[in-house]
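Let us walk through this protein step by step. Keep the sequence and the 3D view side by side as you read.

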Amino acid sequence: MSQAAGEKKMEKFDVVIRDGRLIDGTGAPAQAMDVAISGERIAAIAVPQDSGHWLGALEIDASDRVLAPGFIDVHTHDDNAVLINPAMAAKISQGVTTVIVGNCGISLAPITDIDPPPPLNLLGGRESFHYESMAVYLAAVEAARPSVNVAALVGHGTLRVGRMDDLNRTATADEIADMRDKLAASLAAGAIGLSTGLHYKTSDAADMEEVIALAEVVSATGGIYTTHMRNEADHIMASLQETQTTAQRANVPVVVSHHKCSGPANWGRSGETLAFIEEARNSVTMGLDAYPYAAGSTVLDPDWVNDQIRIMITTSEPHPEASGRDLADIAAEWDCSLKEAAIRLSPGGAIYFQIDEADMQRILAYPPTMIGSDGLPHDEHPHPRLWGTFPRVLGLYCRELGLFDLETAVHKMTGLPAKTFGLADRGTVQVGAFADLVVFDPARIIDRATFEKPLQQSIGIDYVLVNGTLSLLQGNLCPERAGQVVRNH
Ligand code: ZN
Ligand code: CU
């Protein structure tokens with residue numbers, strides 16, 4: 001055959017992914033596109049008719065599949081997990097390629113030599129807290145080379161525990177000055193912002209002025225402020241107002257973490273809260289994240305238990321055998337009150353069935369809502385969100401229940417979070433971007449982790465690439481790990 005005019009010379013790439021339906025993460029409609037990768041980055045994107053001359057050292061057939069940016073888990077407590085379990089199977093198996101750690105005011109750095117009070121103990125025990133600076137922590141993440149990229153927030157709770165001798169009051173001017181210095185040093189080392197957990201006992205005595213004084217430091221660096229608000233129940237509107245005022249006065253973009261209306265008395269109020277957020281977005285940069293379950297999970301606190309909702313134990317130091325059991329059953333067996341049982345089970349963790357499914361769906365469907373798992377990797381019997389969040393959104397809430405189209409679902413877990421958190425060259429499929437990619441079957445993708453059996457891998461994810469390196473192949477983890485630290489500059 002003679003060389004036809006227009007036939008091109010072979011072009012070589014490390015990886016070529018062919019015949020997939022490309023959903024690029026921006027929210028734009030899917031298109032049939034082939035993608036080529038050189039090194040860590042996307043080198044070329046073309047319609048299949050124009051990529052016949054491409055040759056990949058690795059060729060991936062994505063026919064009947066969706067090719068999308070790797071998912072960004074905006075709300076995690078993986079600070080320690082990425083170090084001690086860098087394979088990060090729970091995340092990479094869902095198509096997650098980047099995790100944001102340090103949420104809810106809880107970060108592993110900068111702090112040393114503490115017996116971590118709840119909720120800092122969600123990250124591990126005393127032996128886990130030995131990073132005196134964010135620079136040292138991020139270097140340790142780089143050395144561990146987890147399978148996923150890591151961006152870190154600085155926890156307000158961590159700063160308080162590290163500086164204050166009494167957590168039951170607001171910080172003094174000297175303490176605030178020292179916390180500001182630590183925060184500034186952490187941001188200079190590459191942390192992307194500040195988180196608070198104003199609901200927790202480490203931080204609930206902090207007033208808004210204390211938080212604003214810290215959030216101002218973030219403003220100067222172009223970072224972000226995320227908040228587990230003071231109240232997600234009866235006083236949720238006051239907390240949303242506080243969040244807006246804080247963002248406004250500190251001049252910083254804010255993300256409302258794991259937005260929910262907690263407790264039966266507040267079920268149905270998401271119409272009210274989303275209307276507030278919609279209005280607030282006219283004056284401040286406000287985003288939010290949510291997980292696709294009608295139950296939350298955190299530390300077990302005897303002050304939070306009541307008989308209005310089901311509570312399941314996820315972990316208990318004195319009674320590990322209680323993991324996976326309902327608190328009510330344990331209390332009945334011990335012939336004591338729920339509170340007494342919770343006291344005996346502490347320190348520990350629990351799942352609180354405190355959310356209304358209709359509220360959760362309304363929040364999930366709200367266009368600015370991003371997806372964040374809030375998974376707790378150290379629990380013995382964790383909330384299923386740890387292993388199931390992203391496939392559940394794509395399989396159950398997108399495909400089966402039709403809450404949004406696939407392009408929107410992907411945008412909520414890729415382009416939108418990358419833009420919100422300032423993750424440069426990630427979250428969309430474009431030439432020059434990092435090759436964080438996932439190939440999945442839109443007809444089959446689904447979570448399998450349940451409240452009863454939470455440690456189950458999702459299905460329907462064929463390939464995951466992190467910085468150009470194949471990291472998951474037909475559901476199996478690859479030996480090579482290629483995650484990087486994502487810094488704010
Ligand atoms: Zn939280
Ligand atoms: Cu959290």
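This is a predicted model: local features need pLDDT of at least 70, side-chain atom pairs count only at pLDDT 80 or more; totals for chains, interfaces and linings use all residues.

Serine 346 and proline 347 are joined by a cis peptide bond, with omega at about -5 degrees. A cis bond also joins alanine 109 and proline 110. There omega is about 0 degrees. Proline 110 lies in the loop between S7 and strand S8 (111–112). Why point these bonds out? Most residues other than glycine have a negative phi, and most peptide bonds are trans.

Aspartate 335 is not a glycine, yet its phi is positive, about 55 degrees. Look for aspartate 335 in the loop between helix H9 (327–334) and H10. Is aspartate 335 buried or exposed? It counts as exposed, at 72% relative accessibility. Glutamine 474 also is not a glycine and has a positive phi, of about 45 degrees. Its loop runs between strand S21 (469–473) and strand S22 (476–477). Glutamine 474 is partly exposed, with a relative accessible area of 46%.

Now step back to the whole chain. The domain assignment gives domain 1 as 9–69 + 425–444 + 458–479. Domain 2 covers 71–294 + 354–383, and domain 3 covers 296–351. How far apart are the centres of domain 1 and domain 3? Taken over C-alpha atoms, 45 Å separate them.

Next, find the open sheet. It has eight strands, paired in parallel, in the order S6-S7-S10-S11-S12-S13-S14-S18. Its edge strands are strand S6 (71–73) and strand S18 (369–371), and each of these pairs on one side only. On average, neighbouring strands of the sheet are turned by 30 degrees against each other, direction ignored. Zoom in on one edge. Strand S14 (residues 286–290) pairs with S18 in the parallel sense, over three bridges. Here leucine 288 stands opposite threonine 369 in S18.

Helix H3 (residues 134–144) touches strand S7 (96–101) and strand S10 (149–155). The direction of H3 makes about 160 degrees with that of S10. H6 lies across strand S11 (193–197) and strand S12 (224–228). Against S11, H6 runs at about 155 degrees.

Now look inside. The largest nonpolar core has 107 residues. Among the members that touch the most others are Val82, Leu83, Met134 and Phe440. Helix H6 (residues 208–221) gives the most to this core, with seven residues. Which residues does leucine 83 contact, leaving aside its neighbours within four places in sequence? They are Leu108, Tyr131, Tyr137, Ala140, Val141 and Ala144. A second, separate core has 19 residues, including Val15, Val429, Ala435 and Tyr463.

How values were computed:
Residues are numbered from 1 along each chain as its sequence is written. Chains are lettered from A and ligands numbered from 1 in the order in which they are written. Side-chain values use heavy atoms; hydrogens and water are left out. Domain bounds come from an automatic or database domain assignment. A nonpolar core is a set of buried Ala, Val, Leu, Ile, Met, Phe, Trp, Tyr and Cys residues joined through side-chain atoms within 4.5 Å. Buried means under 20% relative accessible area, exposed over 50%, partly exposed in between (1.4 Å probe, protein chains only). Helices (H or I, at least four residues) and strands (E, at least two) are DSSP runs, numbered from the N terminus. Contact means heavy atoms within 4.5 Å. Two strands pair if DSSP finds at least two bridges between them. Axes are lines fitted to C-alpha atoms, for helices over the stretch in contact, and angles run from 0 to 180 degrees between N-to-C directions.
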